[in-house]
Structure formats: structure tokens, C-alpha cells
Amino acid sequence: MTDTVLAKQSEADGHRFAPQDGKLILAHVLFAFGALVIGAIAGLLQGLVRGGIVTLPAGIGYYQLLTAHGVLMALIFTTYFIFGFIWASIARTLGDLMPQVRRMAWVGFALMTIGTLLGTVLILLNQATVLYTFYAPMKASPLFYIALVHVVAGTWASAAGLFVQYRYWRRKHPGQTSPLLAFMSVATMILWIVATLGVAATILAQLLPLSLGWTERVNVMVSRTLFWYFGHPLVYFWLLPAYMCWYVVIPKVIGGRIFSDSLARLSFVLFVLFSIPVGFHHQLMEPGISPLWKFVQVVLTFMVVIPSLMTAFSLFATFELTGRERGRRGLFGWLKAMPYKDVRFFAPFMGMLIFIPAGAGGIVNASNQMNGVVHNTLWVTGHFHLTVASGVALTFFGIAYWLIPAATGRKLTPKLHRLGIVQTWVWAVGMLFMSGAMHSVGLLGSPRRTAYTTYGDNAEAVGWMPYHVVMAVGGTILFVSVVLLVINIVLLLRAPRGVEEFPLGETAPDSPAVPVWLERWGLWVGIVIVLVLFAYTVPFADMIQHAGPGAKGVVTW
Amino acid sequence: MHMHRLEKMWLTFGVAMLAVFLIVLGIGVFANGAQPPTTHAHGGHEKPAPELAEETAPFDKPGLHKIGDNEYKLVMVAIAFAYKPLEDKIVIPAGATVHFEVTSTDVVHGLQIPGTNVNMMAVPGETTNFTFTFKKPGEYLVLCNEYCGNGHEMMWTTITVA
């Protein structure tokens with residue numbers, strides 16, 4: 001696509017956010033990248049320690065860094081960025097935010113920020129070295145759990161604001177189908193709220209009372225089950241906003257159309273249904289859950305293959321149709337028509353490509369008995385660095401490149417496009433080294449979440465060291481990419497004034513109408529509840545009925 | 001709802017493959033007994049407080065116990081940051097079938113033997129069971145693969161198969 005075509009589209013699209021909405025979006029996105037930078041420093045140091053290259057000074061603990069890396073990357077960076085993008089999507093498709101919605105969004109932002117700052121301080125003080133999975137009966141400072149409560153409560157306040165705006169729009173537009181991005185934002189928020197009920201329950205009913213000394217003991221299996229009830233949909237909470245970009249933004253960026261509005265909606269509904277009642281596939285290697293119920297949840301886990309296949313088809317159908325409209329012929333000729341020099345396309349596209357092996361690895365992880373080969377090895381770490389740290393993160397970078405200028409009333413210049421493409425390449429190469437080595441050495445048995453050790457110079461463990469060194473090299477390259485990203489963001493904030501497009505794809509004019517039942521949220525939430533009750537009632541009741549006295553809270557760091 | 005013909009074919013093929021895959025997995029579990037680790041199927045519901053596990057059978061006698069012809073029970077206790085029995089104490093005859101019985105007295109630990117399919121969690125208050133046959137002689141590394149605190153990387157032992 002030529003620059004003049006791009007410019008014309010921007011003019012036609014000339015959407016400007018209300019200044020207050022721009023501020024809200026920018027605050028979320030910049031906070032997200034701030035967390036990313038601190039998390040990346042922790043990640044770099046971890047890689048270097050694990051590779052035996054450096055020793056940490058001043059009594060800094062490896063696991064303390066690991067906690068900071070996990071919490072800041074997996075929970076804080078993602079959540080802030082997602083809210084920034086979702087507020088932008090809502091303001092773009094449903095109109096400027098209403099004053100009371102804006103207030104709720106800022107209340108949410110404030111709560112999340114209080115929680116994040118407090119939590120980060122406690123991690124740095126070594127008061128909460130429990131990783132982001134904070135397994136009972138490990139006992140962090142009560143303030144750490146209070147900090148997490150603030151983060152979750154903040155997201156709920158923001159989600160409530162989003163629902164208010166969505167309901168208002170539907171009341172004002174009776175009989176109309178809601179805009180696709182708004183529909184997808186609502187689906188993402190519903191998934192998040194249903195999922196966070198689990199983590200809220202274990203924190204409020206188990207971990208906080210334990211940590212405050214109100215209770216002496218905790219039922220570990222119940223806590224693990226509640227955590228993973230949240231922990232798996234959490235990964236779809238990261239993924240669905242990336243899919244929002246792939247389904248809606250990318251078709252516009254490449255100058256094509258959305259393949260099918262109804263199928264996009266259906267796939268989001270299926271993700272909400274099938275990502276929640278499946279937490280046991282994270283608990284396959286542990287006692288306390290009957291093998292039958294483990295298998296039931298394995299089967300339910302794999303139902304997400306269906307919307308994943310639908311998504312893959314839709315995306316590549318859009319690419320092919322667009323390429324053919326440009327006169328590209330042959331089986332794969334259309335691939336040449338894609339705008340690889342446009343960072344808004346290139347970064348998410350690299351994310352999509354990396355997501356293909358990432359998904360295949362996920363199938364191995366969730367496969368009941370097969371999980372025994374890779375459970376808790378570095379393979380798993382490699383897997384989620386391909387999913388959330390590549391598929392999702394690269395898509396978020398691609399979004400940030402146009403969202404930051406769109407929110408501040410500036411232009412993404414050709415120079416910034418080029419820098420963004422370099423940054424994307426560096427990230428992809430770093431991840432190739434790091435994740436490739438993690439997958440390989442994980443298959444050999446090297447465990448995840450472990451500081452430098454050769455297990456008493458055990459021959460097998462010594463043989464893993466070259467892979468750990470490659471991981472450190474990959475981690476260092478990734479850190480360079482983060483530095484480039486920071487430079488790019490600073491340049492974006494000083495870019496020339498102008499209007500940057502929020503690329504919003506459209507369906508073909510003759511496409512069939514969206515069925516009304518897809519927007520019956522009450523129906524879908526009802527089905528989610530039924531599925532959750534089906535998958536959890538019996539095994540959960542078993543855990544409570546056959547509970548022993550429980551485990552005492554301890555600090556082991 | 002309208003669906004493109006090619007997409008219907010793609011989804012039909014995908015869902016059929018998924019069904020085949022799950023059936024294969026299910027046959028492995030339910031017909032061939034390739035179960036993931038679990039609580040012992042019978043009994044196993046007596047759950048003393050985790051810190052009392054070492055005073056309660058079978059964990060009061062950690063180690064290898066012969067229970068049949070070429071069949072052994074290996075009782076292990078995970079404690080931050082070591083396993084009982086301690087190093088060099090476990091010698092298993094090659095070709096023997098070993099029934100692991102594992103618990104933890106404090107936090108959640110892992111128990112993994114690289115190069116084998118032995119990989120399980122040790123949860124305080126619960127017993128994990130897993131069966132494995134050691135065919136090849138040699139020294140096997142046993143390591144903790146679930147973060148359990150500051151000494152996590154020092155938590156390992158060895159098993160000798162001779």
C-alpha cells in the first residue's frame with residue numbers, strides 16, 4: 001500500500017479522541033510500559049544468573065527477582081495495556097466516554113496503581129517472594145495481598161464503567177448490532193470478572209486471613225484449585241485483546257475487510273465459555289483430584305481448539321482475499337501483497353506467526369498424561385514466552401505504535417515505523433534464542449523457576465548449562481528490544497502533531513446480518529455458570545469433605 | 001448463521017482430528033493405565049496434619065520397601081529443602097516396578113526425575129502416587145521442580161538403579 005493511500009484513509013477516518021479520553025488511554029499505556037521496563041530488568045538479571053554469568057550483589061534474591069518479573073510482566077503490564085486498549089476501543093466505537101464512566105475508569109486506574117506500587121515495594125523488600133502464583137501455604141506480608149485486592153478491585157471498577165457505557169449505547173440504538181470491538185471488549189471483561197472471582201476467593205477467604213494470623217491453617221488443594229480456576233482464563237484475558245487487533249485492526253491496516261463479523265463474535269463467545277472450567281489441566285501432576293475429573297477438564301480444555309481454528313481461518317482468509325483483490329495470483333502469491341514495512345501490521349503479524357508453534361506447545365502441556373514429560377520444566381517457561389511474551393506482547397507493541405500517537409494527537413512517522421520494525425525483529429530473534437533453548441532443555445528435564453545450580457555437578461545437569469547460556473543471550477537480546485521500545489515511545493510522545501488513525505476494519509457491505517442471539521449476554525454467562533458447576537462441583541466438594549486439618553502458613557524465603 | 005464452504009470443511013477436519021486425538025489420549029488413560037500421578041485409589045483419605053506426616057505410616061519409614069516379586073514401594077517425604085530418605089540411600093534393582101508414595105510436610109514441592117516420566121507434585125496434607133519401572137541401570141537425579149523457597153535449587157537427591 002502506498003503512503004498516499006494510507007494518508008487518504010487517515011483523513012477519511014479522522015477520528016480524534018476527546019482530550020480526556022486520550023489522557024486516560026495514555027495513562028494506562030504508559031504505566032503498562034513502565035511496568036514492562038522494571039520487569040525486563042528483573043528478567044535480564046534472572047537470565048544472566050541462571051546462565052551462571054553473574055551473581056546477584058547486595059543480598060538480592062533470585063526468587064525475589066522472579067516474583068517481580070512475573071507480577072510486573074504477566075499481571076501488571078498486560079492488565080494496564082489491555083485497559084488502555086479497551087478504553088480506546090470503546091471510545092472509538094461507542095462514542096466519547098460519558099463523564100460518570102470516565103470517573104469510574106480513573107477510580108479503577110487509581111486503585112490498580114495504589115495496589116501495584118504497594119505490591120512492588122513489598123516484593124523489593126523481600127516481603128512477598130511467593131511468585132505471581134503465590135501458592136499456599138506460603139505466607140507473604142498481608143499488605144501484599146491487600147495490594148493485589150486493590151489491583152483486582154480496580155479492574156472491576158473499570159469493567160463496571162465499560163458495561164455502563166455499553167448498556168447506554170444499546171439503549172440508544174435499539175435493534176442495532178453493537179460495534180464488533182465493543183462486543184469483543186465486553187466479552188473480554190466478562191471472562192475477566194468470572195475468572196477473578198476465583199483468585200479473589202482464595203485471597204480473601206484463605207491467604208489474607210492466614211497472613212494476618214486470623215487462621216493458622218489453609219486447605220492447600222482448595223487454594224490451588226481456586227488459583228488455577230483464575231490462572232487459565234487469565235491467559236485468554238491476555239489473548240482476547242490481541243485477537244481484537246487481529247480480527248478488527250489488521251484487516252483495515254492491510255486495506256482489506258473483516259472476513260465475517262458473526263464468526264468473529266461466535267469465536268469470542270466460545271473462548272469465554274471454554275477457557276474458564278478447565279483449571280485442572282494445570283494440576284494434572286498433583287494429588288487430591290480424581291483422574292476422571294482431570295480428564296473431563298482436559299477434554300473441555302481442548303474445546304478452545306475450535307475457536308482457535310476459526311480465528312486462524314478468518315485471519316488468513318482476510319489476507320488472501322486482500323492479496324487477490326490486488327491482483328496477486330497463485331497459491332501463496334497473496335502473501336507478497338502484505339504491508340511488511342508497516343509496523344502496525346508487521347509486529348502483530350510476527351506475533352501471529354510465533355503463536356502457531358506456541359499453540360502446538362500448549363496442546364502438549366494440556367495433554368493429561370503427556371504433561372508428565374514437560375510439567376514444571378523450562379519447556380513451560382518457553383511456551384508462555386511464545387504465547388504471552390510474543391503473540392500477545394508483539395501485538396500490543398504493534399497497537400502502541402499507533403495508539404500512543406492517536407491518543408496524543410500526533411503522527412506515526414516513517415522513521416518511527418522503521419525503528420518499530422527493527423524493534424520487532426530484535427524481539428523475535430531474542431525470543432527465538434531464549435524460548436528455543438527453554439523448550440529444548442525443558443525436554444531434557446531442566447526445571448523452571450530455579451536459580452543457578454548444577455545439582456552437585458551432576459553430569460546430566462551440567463549438560464544443561466550450554467542451553468542456559470543461550471537463554472541468557474536471548475534474554476539480553478530481548479532486553480535490547482525493550483530499550484529500543486522505550487526510545488520509540490519517547491520519540492512517539494514528541495512526534496509531529498497530527499491525526500493518527502485508529503484502524504477500524506469493516507465487513508463487506510453484502511455480508512449477512514449478525515444473529516441477535518450472539519448479544520444475549522445473560523445466556524452466555526448462564527452457560528458459563530453451568531459449565532463451571534459441571535466441571536468443579538464434584539471434585540471441589542470432595543476436596544472440602546475429605547480435607548485434613550490443612551497446612552500451617554510458612555515463610556521459606 | 002452463514003459460514004463459508006471452505007471454513008466448514010476446515011472446521012469439520014479440525015474437530016474430527018481433535019476427536020481422534022482425545023480418543024487416543026483417553027485410551028491411553030483408561031485402557032492402558034497411563035494415568036497422571038494421583039492420590040491412591042483406595043483409602044488415602046486419612047490426612048494427618050502435614051507437620052505430623054513423619055510420625056504417621058507410611059511416612060514414618062521413608063525408603064524403599066519390597067512388596068512383591070520385583071515390585072517395590074518407595075516412600076519419600078519432601079521437606080524444605082531436602083527429600084527423605086537422604087542421598088545415596090535408595091538403590092533399586094534394574095527392571096523393578098516402583099510405586100512412589102510422596103508427601104510434603106510444609107509447602108508444595110515437586111519431584112521429578114529427568115530422563116524419565118516421573119514428575120509429580122508433593123502437596124502438604126496429601127499423598128501422591130505414581131508407578132514407574134526403572135529399566136536402565138544408572139544414577140538418577142531427583143530434583144524439586146516447584147518453587148518452594150530460598151533453598152529450592154538445593155533440593156535434590158539421587159536414586160541408584162543397579
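Contact here means heavy atoms within 4.5 Å. This is a predicted model, in which local features need pLDDT of at least 70 and side-chain atom pairs count only at pLDDT 80 or more, while totals for chains, interfaces and linings use all residues. Residues are numbered from 1 along each chain as its sequence is written, and side-chain values use heavy atoms, with hydrogens and water left out.

**Exercise 1.** State how many residues of chain A and chain B are in contact, and what area is buried between them.

*Solution.* Start with the residues: 77 of chain A are in contact with 61 of chain B. Next take the buried area (the accessible area, 1.4 Å probe, that two parts lose on being put together, summed over both). Between chain A and chain B this is about 5400 Å², with carbon and sulfur atoms giving 69%.

**Exercise 2.** Find the number of salt bridges across the interface of chain A and chain B.

*Solution.* Apply the rule: a side-chain nitrogen of Lys or Arg within 4 Å of a carboxyl oxygen of Asp or Glu. The rule finds three salt bridges across this interface. One of them joins Arg217(A) to Glu51(B), with the closest N and O atoms 2.3 Å apart.

**Exercise 3.** Compare the radius of gyration of chain A with that of a compact globule.

*Solution.* The radius is taken over C-alpha atoms, and the globule rule is 2.2 Å times the number of residues to the power 0.38. For 557 residues the rule gives a value near 24 Å; chain A has 23 Å, which agrees. As for extent, the C-alpha atoms of chain A fill a box of roughly 65 × 50 × 45 Å along the principal axes.

Methods. Chains are lettered from A and ligands numbered from 1 in the order in which they are written.
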